[in-house]
Amino acid sequence: MSDADTPWPAEIRLSADKAHVTLAFDDGKSSAFSAEFLRVHSPSAEVQGHSPEQRQTVPGKRDVTITALEPVGNYAVRILFADGHDTGIFSWSYFDTLDRDRDTLWARYLDELSSFGLSRDSSSH
C-alpha cells in the first residue's frame with residue numbers, strides 16, 4: 001500500500017477514561033484501539049527490536065492508560081502511556097496495519113504470554 005492509498009485521519013480521539021483511542025478516517029472508516037493493544041504493539045525499538053527476533057512480549061499492560069497524544073509532523077502521532085513508555089511513533093499506515101491484522105496480532109500476543117508464563121495483569125508486589 002502506498003502512502004497515497006493510506007486513509008488519512010480526520011479525527012483522533014482519546015476516550016475520557018484514557019483507555020481507548022478512536023481514529024476516524026477521511027474514507028469514512030473508524031477504528032478503535034485499546035491502550036493495552038497499542039502499548040504491547042508499540043512500533044518502538046524497545047518493543048519491536050531491530051529485527052523480528054528481537055521483538056519483545058510486553059506483559060502486565062491490561063490496565064495501562066494513555067496520558068497524551070502528540071502529533072508528529074503530518075504522518076503520525078506519539079502516544080505517551082501512563083507506564084512511562086513514550087518512544088513509539090504510530091504512523092497512519094501503522095494504524096492501518098494494526099487494524100487490518102488486529103485479530104492475528106492479538107492472538108499471537110496472547111499465545112506468547114501463555115507460552116512465556118506471563119500475564120496481561122500487572123504483578124502485585
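Tutor: Two strands pair if DSSP finds at least two bridges between them. Strands (E, at least two residues) and helices (H or I, at least four) are DSSP runs, numbered from the N terminus. This is a predicted model, in which local features need pLDDT of at least 70 and side-chain atom pairs count only at pLDDT 80 or more, while totals for chains, interfaces and linings use all residues. Residues are numbered from 1 along each chain as its sequence is written, and side-chain values use heavy atoms, with hydrogens and water left out.

Student: Which residue in strand 3 is the bridge partner of Leu 23?

Tutor: Ser 31 is that partner. Strand 2 and strand 3 (residues 30–34) are antiparallel, with five bridges. Four residues lie between them in the hairpin, where Gly 28 has a positive phi near 95°. On the strand 1 side (residues 9–14), five bridges also join an antiparallel pair with strand 2, and Leu 14 is opposite Val 21. That hairpin has five residues between its strands, and Lys 18 in the turn takes a positive phi of about 60°.

Student: How should I read a nonpolar core?

Tutor: In soluble globular proteins, nonpolar side chains tend to be buried together. A nonpolar core is a set of buried Ala, Val, Leu, Ile, Met, Phe, Trp, Tyr and Cys residues joined through side-chain atoms within 4.5 Å. The largest one here has 18 residues, and Leu 38, Ile 79, Phe 90, Phe 95 and Leu 98 touch the most other members. Two or more residues come from each of strand 2 (20–25), helix 1 (35–40), strand 5 (76–81) and helix 3 (92–100). Helix 3 contributes the most, four residues. A second, separate core of five residues includes Val 40, Val 47, Val 58 and Tyr 109.

Student: What does Ile 79 contact beyond its neighbours within four places in sequence?

Tutor: Contact means heavy atoms within 4.5 Å. The partners of Ile 79 include Leu 38, Ile 66, Leu 69, His 85, Phe 90 and Phe 95.

Terms used. Buried means under 20% relative accessible area, exposed over 50%, partly exposed in between (1.4 Å probe, protein chains only).
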